[in-house]
Amino acid sequence: MEQLTEMVDFEVSFNKLQTFEVDILKWKKLDNLVLTYNELKSYNQTALWVHPYLGYLDVSDNIGMQLPSAETKIGMPSLLYFGCRNNSVTIHLPFDKNRFPNLLDLYVNGNRLIEFPDASLRGTLQYVGVARCDLKGLPSYLSEFKQLQYIDARDNNISVVNDDLKMLISKNQVESYFSDNPVCN
């Protein structure tokens, strides 16, 4: 498959795919990679997490698919959208400006999120999906995400939303979801 060097969009969804050991670094024009609703357990992590041109990556609904740890070399300068919903895994991957300098959309719902996206993403991150992520709270710096347009934090254990974040949600008319959290009682 590496010979498909002109590949721009690649989608293999709903196929029970278990392995994707393709060196996508050879696909220099790749912009969209969608591997949703499979059974991925093995994939070429080295190529995937340093792809310089990949703008859209969705690996949602691959239950048990492991993401890299903080020690893994990660650099995705073109990534705008990352979807990893409903994989039922613990995410140790730090989301920050060094690794994902242009990240706009982050959807990790249905996983256990160890570390909330870093404050360094305050200038870019607009859409955040962290529902069912076993969160106990939201960081105070989230109120500095002036570009925020959407946050889904349903079904966590969040008991407080600070006043600055409430003001940001109101001022920017942020589409926000907090149902089934203690804060809603």
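**Starting point.** I am working from a predicted model.

**Cavity.** I noted a volume of about 60 Å³ for the largest cavity. I then listed the residues that line the largest cavity: F20, V22, I24, L33, L35, Y43, N44, A47, L48 and M65. I sorted this lining by type and got nine nonpolar residues, one polar residue and no charged ones.

**Core.** I turned next to the largest nonpolar core, which has 54 residues. I asked which of them touch the most other members, and the answer was L33, W49, L57, F82 and F95. I checked the helices and found that α1 (45-48) and α2 (163-171) each supply at least two residues of this core. I recorded α2 as giving the most to this core, with three residues.

**L33.** Leaving out residues up to four places away in sequence, I found L33 touching F10, F20, I24, L48, L54, Y56, L57 and D58.

**S159.** I located S159 in the loop between β11 (150-152) and α2. Leaving out residues up to four places away in sequence, I found S159 touching K136, P182 and V183. I also checked S159 against V183: they are 24 residues apart along the chain, and their C-alpha atoms are separated by 4.2 Å.

Conventions:
Residues are numbered from 1 along each chain as its sequence is written. This is a predicted model: local features need pLDDT of at least 70, side-chain atom pairs count only at pLDDT 80 or more; totals for chains, interfaces and linings use all residues. Side-chain values use heavy atoms; hydrogens and water are left out. On a 1 Å grid over the protein atoms alone, a cavity is a set of points where a 1.4 Å probe fits but cannot get out, and a pocket is an open set with protein on both sides within 12 Å along at least five of seven lines; lining residues have an atom within 4 Å of a point. Grid points are joined across faces, edges and corners, and a volume is the space filled by probe spheres set on the points. Ala, Val, Leu, Ile, Met, Phe, Trp, Tyr, Cys and Pro count as nonpolar, Asp, Glu, Lys and Arg as charged, and the others, Gly among them, as polar. A nonpolar core is a set of buried Ala, Val, Leu, Ile, Met, Phe, Trp, Tyr and Cys residues joined through side-chain atoms within 4.5 Å. Buried means under 20% relative accessible area, exposed over 50%, partly exposed in between (1.4 Å probe, protein chains only). Helices (H or I, at least four residues) and strands (E, at least two) are DSSP runs, numbered from the N terminus. Contact means heavy atoms within 4.5 Å.
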